[in-house]
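Good morning, colleagues. Please take a moment with the sequence and the model, which I shall now display.

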Amino acid sequence: MQTRTTTLTRLTLTAVIALGATACASGAPAVPAAEPAAVPPVASRTTAAAPPAAAPTPGAPASVPGGIPPTPDAATTAKYIAALTAIDPEIVDKKPDRAVSRGRDQCTSIGTWPNDRQRLLDLTGQRFTSSKHPDGFGPEKASLILDVVHANLCPTY
């Protein structure tokens, strides 16, 4: 009976995946799937052991711990904007929403490449620009901006 349940579960999941792929390829909305049949506990299944995870490829992005962080609350936003303004008022340039949006995007990069500071500095220089600084604020300020973003918007990344 267990083999029959496992086979039925696999067939159900295969059908759901196939329907989703077909819907995605055709541009049609995906058909909501019914709940899959109950899967027996791991200890009772007879499957081969999964191979060990491969080591990450050097230079490849790491998995993102949380993707883009949520919009910060008012107090966090005020502290973040004040810290950026202290570096250079033109970073915010009277557009705090834009500074927050760019910082949240930078958090995604921090999560993706946590050990590649140079890449993060390059991305900071590309993201944080103004009309008077279309090519960024330079490496020293980029480093300070990166640290402010990390500390205020995504400290757990």
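Predicted model: local features only at pLDDT ≥ 70, side-chain atom pairs only at ≥ 80, totals over all residues.

Which residues of helix 5 (residues 117–127) are buried? They are Leu120, Leu121, Leu123, Thr124 and Gly125, where buried means under 20% relative accessible area, exposed means over 50%, and partly exposed lies in between, with a 1.4 Å probe and protein chains only. These buried residues pack against helix 4 and helix 6; contact here means heavy atoms within 4.5 Å.

Residues are numbered from 1 along each chain as its sequence is written, and side-chain values use heavy atoms, with hydrogens and water left out.

Let me turn to the overall architecture. The protein has 6 helices and 0 strands, in the sequence pattern α-α-α-α-α-α. Helices (H or I, at least four residues) and strands (E, at least two) are DSSP runs, numbered from the N terminus. Of the 157 residues, 29% count as buried. Among contacts with a separation of 6 or more, 65% come from residues 24 or more positions apart.

Next, the pairing of helix 2 with helix 4. The axes of helix 2 (residues 74–87) and helix 4 (residues 96–112) come within 10 Å and cross at roughly 95 degrees. Axes are lines fitted to C-alpha atoms, for helices over the stretch in contact, and angles run from 0 to 180 degrees between N-to-C directions. Helix 2 and helix 4 are therefore roughly perpendicular, a term covering 65 to 115 degrees, with under 35 counting as roughly parallel, over 145 as roughly antiparallel and the rest as oblique. On the helix 2 side the contact involves Thr77, Tyr80, Ile81 and Leu84, and on the helix 4 side Pro96, Ala99, Val100 and Gly103. By class, this contact has 6 nonpolar, 2 polar and no charged residues. Ala, Val, Leu, Ile, Met, Phe, Trp, Tyr, Cys and Pro count as nonpolar, Asp, Glu, Lys and Arg as charged, and the others, Gly among them, as polar.

Helix 4 also holds Ser109, which is buried at a relative accessible area of 4%. Leaving aside residues up to four places away in sequence, Ser109 touches Leu120, Leu123 and Arg127. Ser109 and Leu120 are 11 residues apart in sequence and 6.8 Å apart in space, C-alpha to C-alpha.

What of covalent links? The structure holds 1 disulfide, defined as a pair of cysteine sulfur atoms within 2.5 Å. Cys107 and Cys154 form it, with their sulfur atoms 2.2 Å apart. The pair links distant parts of the chain, 47 residues apart, with Cys107 in helix 4 and Cys154 in the segment after helix 6 (138–153). The torsion about the S-S bond is about -85 degrees, so the disulfide is left-handed. Cys107 is buried at 0% relative accessibility, and Cys154 is buried with a relative accessible area of 2%.

Finally, Asp88 lies in the loop between helix 2 and helix 3 (89–92). Asp88 counts as buried at 10% relative accessibility. Beyond residues up to four places away in sequence, Asp88 touches His133, Phe137 and Lys141.
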